[in-house]
Amino acid sequence: MEENRSWTRNGGRSTPDYREIDLSVLVIGAGAAGARTAIELAERGVDDVLVLGKRGHGDAHTTWARGGINGALGTHDPEDDWAIHAADTLNEGHFLNDPEKVETVTKQMPDRLRELDEWGMAFSRTDGGEIDQRYFGAQSFRRTAFAGDHTGESLLDTLVERAQELDVSYRENVMITKLLSDGDRAYGAAGFDMDTGEFVLFNAGCVVLAAGGYAAVYNRHTSRDDENNGDGPALAYDAGATLMDMEFVQFHPTGMAVDDDDPEWAPWSGRLVTEAVRGEGGRLYNADGERFMERYSPDQMELDARDVVARAIAKEIAEGRGTESGGVYLDVSHRDAEFIAERLPRMYERFMDLGVDMAEEPVEVAPTAHYGMGGVRVDAHGESDVEGLFAIGETMAGVHGANRLGGNSLAETVAYGVVTGERIADRVDGAGTVPDEVLRTVFEPHVASLAASTGRNGTYEVEHVLAELRDLMWNHAGILRDDASLREGLDRLEAVREKSSDVRIGEVTDRSFEFAIDLDFMLTTAETVLRGALERTESRGAHYRTDYPDTDPDWRRNVCFERADIGGTRPYTVPVGEPGDDVRSALDAGHELDYHQLE
Ligand SMILES: Cc1cc2nc3c(=O)[nH]c(=O)nc-3n(C[C@H](O)[C@H](O)[C@H](O)COP(=O)(O)OP(=O)(O)OC[C@H]3O[C@@H](n4cnc5c(N)ncnc54)[C@H](O)[C@@H]3O)c2cc1C
């Protein structure tokens, strides 16, 4: 299909050869958000849609989601409804979420779950055969549907299969490097085939960015290697879109803390140690053997909200009571081996393989960057400030506010896939064309400079510069932030930026080429996280300023960034909207949030 409508074009200018592909809609990202959008478009009869991703077909970050996906089905708790789900989401988001977007997601989710069920998703079931639902931290009812401990994998398999039934076109191993826009409207994208090294121009009537999040700009993170570097926000920002809430990064309290010099352990640094370990009675101790949560949260102890536990651990480490690997101890050894093997099978096996028996000794854990709540600012349909450019899933901002409720990000992917697909289907009118002006002033210089960068014998190894950037983000925009440290982080970022133009780069198909582009994306993302954190002179949800430890009601505003005309970044703030009557009533009812049932 694609071969029929693609050709090589050079136009006689000094631009490397490239393939040109005409599309009505280009979906950048083959995770749950991209796949669900494509399904909606196909069901509404939109032709010439292409979904692409940087990795193989069906292989996206979504597959790593384990715990579940939220929707008020009321399987066990019939009193639950979408408005209570919305109220819980706003509570956990510390009222910085866009209430309209929260409503859009929560209202749809029961239908979205039933639809996934019809399409064959392997939901875990009750004895009566209904979709089972369980608690996730900070929800008032059991509304997290799940497929064993492989919810994300099952979700993506189901969506991919459905998309295949509808003949949606996919391309794997293609990296998008730039969106083609004149600042007001998007016309397509530039990228390259990671297998062949061929440059590609995508002409598209609409572009959907479903390219994931930015938690991997930190050195300790739960994301897959080489993903979640903030490609989506950076691409959108470069094209003229606004970024919002970038300072809000959810740090999961328990990632693996390891000796980074030990080759067996090093690859596990930051990997998630499931909340269920604490849910099954796991206790946290500092290096002095003190069960320190008694000081931070005497009632909830280890089961308090993610941001509270993460902050407590970070403080213990910062004040010198951490372990040698820079963490604290998580101990479940008061449970016997049989219990641990049955209730925490993956964890038990993982640590056993590494030579640690959880039934005999504690494991070392430390907070780890898990999810970026910020992203591209979009309207109610997922469209950014740039006409024709949509951003959804983890790339968009607005649903989660200052902290994300577990199980809500998968919900957001499918709910916004539908909303965006519906909107585009109403609007798109055949294949798009990149105007000559944009071709000459944006696309051609871009691919020419990409081509010129290959084979560059720079001073620095790109992977070392990436590591330096990730370290600086951890040290200067981590869990505990203050003015001086954030400013120092920005200064150090400038030094990294300088190095980024002097890195060694191989051929287009070499990993160093991909990493050099990642580095550019990460510089944009990192800068907006640092600047956003500096702007926000209060503490709220996942953003904690040691110099402004209180929440300031006047700060119920979102920090936004747009590119200034003269270069640089223009920050501004916008007030958050108010919830509708149904959600207001649910908030007023004051349902108790349950922190004691994790996963
Ligand atoms: C360990 C872990 C566990 C989690 N568990 C849960 C859970 O239980 N419940 C829940 O709700 N959420 C969970 N999450 C979060 C959830 O998995 C993600 O938010 C969600 O899957 C994001 O889906 P997405 O479609 O937006 O992006 P992704 O699945 O990240 O897909 C992004 C796509 O974009 C492509 N891409 C990126 N950049 C480019 C580029 N430059 N060019 C071309 N393609 C590009 C990628 O290749 C990929 O195809 C978890 C996250 C982690 C890390």
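Strands S12, S15, S14 and S13 form an open sheet in that order, with antiparallel pairing. Strand S12 (249-256) and strand S13 (283-285) are the edge strands, each with a single partner strand, so one side of each has no neighbour in the sheet. From one strand to the next the twist averages 45°. Helix H8 (residues 306-318) lies across S12, S13, strand S14 (328-331) and S15, at about 65° to S12. Angles run from 0 to 180 degrees between N-to-C directions, with axes fitted to C-alpha atoms.

The model is predicted; local features need pLDDT of at least 70, side-chain atom pairs count only at pLDDT 80 or more, and totals for chains, interfaces and linings use all residues. Residues are numbered from 1 along each chain as its sequence is written.

Strands pair if DSSP finds at least two bridges between them; strands are DSSP runs (E, at least two residues) and helices are runs of H or I, at least four.

| Strand pair | Bridges | Direction | Opposite residues |
|---|---|---|---|
| S2 and S10 | 10 bridges | parallel | valine 27 and valine 208 |
| S2 and S3 | Four bridges | parallel | valine 27 and valine 51 |
| S12 and S15 | Six bridges | antiparallel | valine 249 and glycine 372 |

In strand S2 (residues 18-28), nine of the 11 residues are buried (20 or more other C-beta atoms within 10 Å of a residue's own, C-beta atoms being placed from the backbone).

Around the ligand there are 41 residues (C-beta atom, placed from the backbone, within 6 Å of it). The closest are Gly31, Gly53, His61, Gly212 and Gly393. Helix H11 (408-427) is one of the elements giving two or more residues to this shell, and H11 gives the most, with four.

Key. Buried ≥ 20, exposed ≤ 12 C-beta atoms within 10 Å, placed from the backbone. Contact = placed C-beta atoms within 7 Å.
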